[in-house]
Amino acid sequence: MLGKLQFEGKSLRDLMIQAIRYGDQPEVRAYLTTVVDRAMDREQLRDLLEERALAHDVMDASRVQRIREDMERAEARRLQPHYIESFFLEAFKQLGGNARQREPRRYEITHVPAPVRTVTG
């Protein structure tokens with residue numbers, strides 16, 4: 001991006017070469033400082049940034065907030081593992097099955113009732 005800037009008709013490359021070669025001279029150093037300060041026009045830099053921007057769309061804060069709220073609602077509606085666990089255990093028990101907890105969230109099924117065994121996909 002900086003290569004596109006012009007400093008009183010000189011490219012950044014030319015100014016850098018001048019700075020390397022003659023930068024220890026006070027008058028050259030003062031000249032370079034002045035040229036660079038004048039070239040840093042906010043409007044020119046803004047135009048250059050817009051020209052080279054990777055993305056031109058920007059989401060406003062209200063749209064970001066709506067997306068965040070939608071994501072939170074979707075998360076709340078998602079089936080949580082403990083709901084699935086409690087549903088399965090209760091349904092399994094009502095069908096005559098037996099399961100015992102071996103460790104947290106892990107069960108041993110000791111009896112599978114006939115209605116569950118005979119269900120075909």
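Colleague: What share of the 121 residues in the protein chain is made up of buried residues, and what makes a residue buried?
Modeller: In this predicted model, buried residues make up 13% of the 121 residues in the protein chain; a residue is called buried because its relative accessible area is under 20%.

Colleague: How many helices and strands does the protein chain have, and in what pattern do they follow along the sequence?
Modeller: There are six helices and four strands in the protein chain, and reading along the sequence gives the pattern β-β-α-α-α-α-α-β-β-α.

Colleague: Why are strand 3 and strand 4 said to pair?
Modeller: Two strands pair if there are at least two bridges between them; strand 3 (residues 98-103) and strand 4 (residues 106-111) have five bridges, so they pair, and they do so in the antiparallel sense. One of the residues involved is Asn-98, whose bridge partner in strand 4 is His-111.

Colleague: What is particular about Arg-105, and where is its place?
Modeller: Arg-105 has a positive phi of about 70 degrees although it is not a glycine, and its place is in the loop between strand 3 and strand 4. The hairpin of these strands has two residues between them.

Colleague: Among contacts between residues at least 6 apart in sequence, what percentage joins residues at least 24 apart?
Modeller: For the protein chain that percentage is 29%, where a contact means heavy atoms within 4.5 Å.

Methods. Residues numbered from 1 in each chain as written. Predicted model: local features only at pLDDT ≥ 70, side-chain atom pairs only at ≥ 80, totals over all residues. Heavy atoms only, no water. Buried < 20%, exposed > 50% of the residue type's maximum accessible area, 1.4 Å probe, protein only.
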